[in-house]
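Please open the model in your viewer and display it as a cartoon.

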Amino acid sequence: ACTGEPQTFTAPQEGYYYVNLWGAAGGKGTRDTAVKDGAKGAFTRGMIHFDEGEQVQVYVGCKGGDAADYLHAIGGKGGWNGGGNGIGGPDGNDADTDNGGGGGGATDMRLDSSLNSRIMVAGGGGGYAYYSNNDVSDRVGGYYKNNTNGYQFGQGQDGYGYSSTGT
């Protein structure tokens, strides 16, 4: 379960262990007056050999925060362990506000506290975000990537808004 801090696993005996990791889900977002769920986190599994008493750090990602209702232009907070923050829509206080949910945090297993020591990773799911390609639409993201905006290592990108009307 997500505790918001690293957890230590100590192998009780020498042997091979099956490990299953699930990334956290993204937060809910709003599209007009509707509330939509974020994406589920990724799943990975593997078999790892541990010696008796060997320890690893487990970082269990937290679910992305839900966006505010359509009357408040507030996006959801990113989940612990790398989830990107969602953003609020530009309208605010009317039924057309689209708010992005926060991205879910990744779940990973590390040899120490360093991101570079990760041996397994299950990425978090994206927060719900509305996107329309119409000329006057807004885009509100919650863990969004395109060809020109990449991620930082170990951190989901925060959402951002766009309107072709220049606002």
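How many bridges join strand β7 to β8, and in which direction do the two strands run? Select residues 107-110, which form β7: 4 bridges join this strand to β8, and the two run antiparallel. Within this pair, T107 stands opposite A122 in β8. Strands here are DSSP runs of E of at least two residues, helices are runs of H or I of at least four residues, and both are numbered from the N terminus. Two strands count as paired if DSSP finds at least two bridges between them.

Before continuing, note that this is a predicted model, in which local features need a pLDDT of at least 70, side-chain atom pairs count only at pLDDT 80 or more, and totals for chains, interfaces and linings use all residues. Residues are numbered from 1 along each chain as its sequence is written, and side-chain values use heavy atoms, with hydrogens and water left out.

**The whole chain**

Colour the chain by secondary structure. The chain contains 10 strands and 0 helices. Of its 167 residues, 40% are buried, where buried means under 20% relative accessible area, exposed means over 50%, and partly exposed lies in between (1.4 Å probe, protein chains only). The accessible surface of the chain, from the Shrake-Rupley method with a 1.4 Å probe, comes to about 9000 Å², and carbon and sulfur atoms account for 47% of that area. Among contacts (heavy atoms within 4.5 Å) with a separation of 6 or more, 66% are between residues 24 or more positions apart.

Now colour by pLDDT, the predictor's confidence in each residue, from 0 to 100. The chain averages 82, and 78% of the residues score at least 70. Residues 133-150 have a pLDDT below 50, and this stretch has 69 contacts in the model beyond near neighbours in sequence. Residues 163-167 are also below 50, with 8 such contacts.

**The four-stranded sheet**

Select β1, β6, β7 and β8. These make an open sheet of 4 strands in the order β1-β6-β7-β8, with antiparallel pairing. The edges are β1 (7-10) and β8 (118-122); each has a single partner strand, so one side of each is left without a neighbour in the sheet. From one strand to the next the twist averages 20°, where axes are lines fitted to C-alpha atoms and angles run from 0 to 180 degrees between N-to-C directions.

Next, show Q55 in β6. Q55 counts as partly exposed because its relative accessibility is 46%. Leaving aside neighbours within four places in sequence, Q55 is in contact with T8, F9 and T10. Q55 and R110 are 55 residues apart in sequence, with their C-alpha atoms 9.4 Å apart in space.

**The nonpolar core**

Select A11, Y17, V19, L21, I48, F50, V56, V58, V60, M109, M120 and A122 and show their side chains. These 12 residues form the largest nonpolar core, a set of buried Ala, Val, Leu, Ile, Met, Phe, Trp, Tyr and Cys residues joined through side-chain atoms within 4.5 Å. At least two residues of this core come from each of β2 (15-22), β5 (43-50), β6 (55-59) and β8. The largest share, 3 residues, is supplied by β2. In soluble globular proteins, nonpolar side chains tend to be buried together.

Centre on L21, in strand β2. L21 is buried, because its relative accessible area is 5%. Beyond four places in sequence, L21 touches A42, F43, T44, T107, D108, M109, M120, V121 and A122. The C-alpha atoms of L21 and M109 are separated by 8.6 Å, although the residues are 88 apart along the chain.

Move to F50, whose contacts outside four places in sequence are F9, A11, Q13, E14, G15, Y17, V56 and M109.

**Three loop residues**

Select P12, in the loop between β1 and β2. P12 is exposed, because its relative accessible area is 58%. Not counting residues up to four places away, P12 touches Y17 and E52.

Most residues other than glycine have a negative phi. N81 counts as buried, because its relative accessibility is 14%.

Finish at N116, in the loop between β7 and β8. N116 counts as exposed, because its relative accessibility is 67%. The C-alpha atoms of N116 and G154, 38 residues apart along the chain, are separated by 9.3 Å.
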